[in-house]
Amino acid sequence: MALLTKESFIEATENTPVIPEIKNDEWLDSLHESDSEIVYILYGDICTIADIVDKVKAEGKRAIVHVDLIVGLSAKEISVDFLKKYTKADGIISMKPAMIKRAKELDMFTIQRFYMMDGFTYANIEKHIKNCDPDVVEFLPAGLHKVMRYLVEKIDQPVVASGLTQDKEDIIGALKAGAIAVATTNRLLWDC
């Protein structure tokens with residue numbers, strides 16, 4: 001499979017705009033329920049992550065690992081090196097700028113995640129994006145359609161919405177606000 005690029009990510013999300021986020025083995029085993037070509041991995045540890053990625057790849061899907069959530073990996077750039085060397089992950093998700101920068105140096109696909117908890121976070125997003133230049137930016141929670149619309153207008157990167165996605169209305173709202181996809185752990189929405 002070729003490297004995951006911003007263009008191939010956008011194409012995949014145009015075909016299927018809901019990205020499954022898996023958080024346990026049961027959900028991993030249910031990936032066949034989704035037509036999405038992309039999967040976010042939100043669980044695992046240093047002993048299991050390579051196997052989890054392999055199972056995602058065996059389903060013919062792209063594996064993007066949320067490096068901040070993998071037990072045993074530190075908040076240091078060496079964790080990205082580990083994923084690159086010992087797994088077949090296509091890319092990473094992280095809230096940490098140093099992780100995004102290191103993954104870009106290693107030619108991995110990058111998603112920088114921002115949790116919209118206050119005005120301070122909102123005010124600093126543009127600066128962080130310019131410094132890290134991630135392939136895709138992700139805003140949480142997905143229900144913040146109005147705020148997302150303003151940010152989408154100010155940045156050049158494609159945006160994925162995620163977090164607290166309760167129903168189809170949240171997905172539609174995020175897509176209308178300019179997100180190219182919505183990632184969700186809500187299995188009832190995977191084929192929305």
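Arginine 187 sits over the face of tryptophan 190, 5.9 Å from the ring centre (the call needs NZ of Lys or CZ of Arg within 6 Å of the ring centre and within 35 degrees of the ring normal). Keep in mind that this is a predicted model, where local features need pLDDT of at least 70, side-chain atom pairs count only at pLDDT 80 or more, and totals for chains, interfaces and linings use all residues. Residues are numbered from 1 along each chain as its sequence is written, and side-chain values use heavy atoms, with hydrogens and water left out.

**Aromatic pairs**

- There are four aromatic pairs in the structure; rings of Phe, Tyr and Trp (its six-membered ring) pair if their centres lie within 6.5 Å, with planes under 30 degrees apart called stacked, over 60 edge-to-face and the rest tilted.
- Tryptophan 27 and tryptophan 190 have ring centres 6.0 Å apart and planes at 90°, so this pair is edge-to-face.
- That pair links distant parts of the chain, 163 residues apart: tryptophan 27 is in helix α2 (residues 25–28) and tryptophan 190 in the segment after β8 (181–184).
- Helices (H or I, at least four residues) and strands (E, at least two) are DSSP runs, numbered from the N terminus.
- Phenylalanine 82 and tyrosine 86 make a tilted pair, 5.2 Å centre to centre with 40° between the planes.
- Both of these residues belong to helix α4 (residues 78–86), four residues apart, or about one turn of the helix.

**Burial**

- Tryptophan 27 and tryptophan 190 are both buried (under 20% relative accessible area; exposed is over 50%, partly exposed in between, with a 1.4 Å probe and protein chains only).
- Phenylalanine 82 is partly exposed, at 24% relative accessible area.
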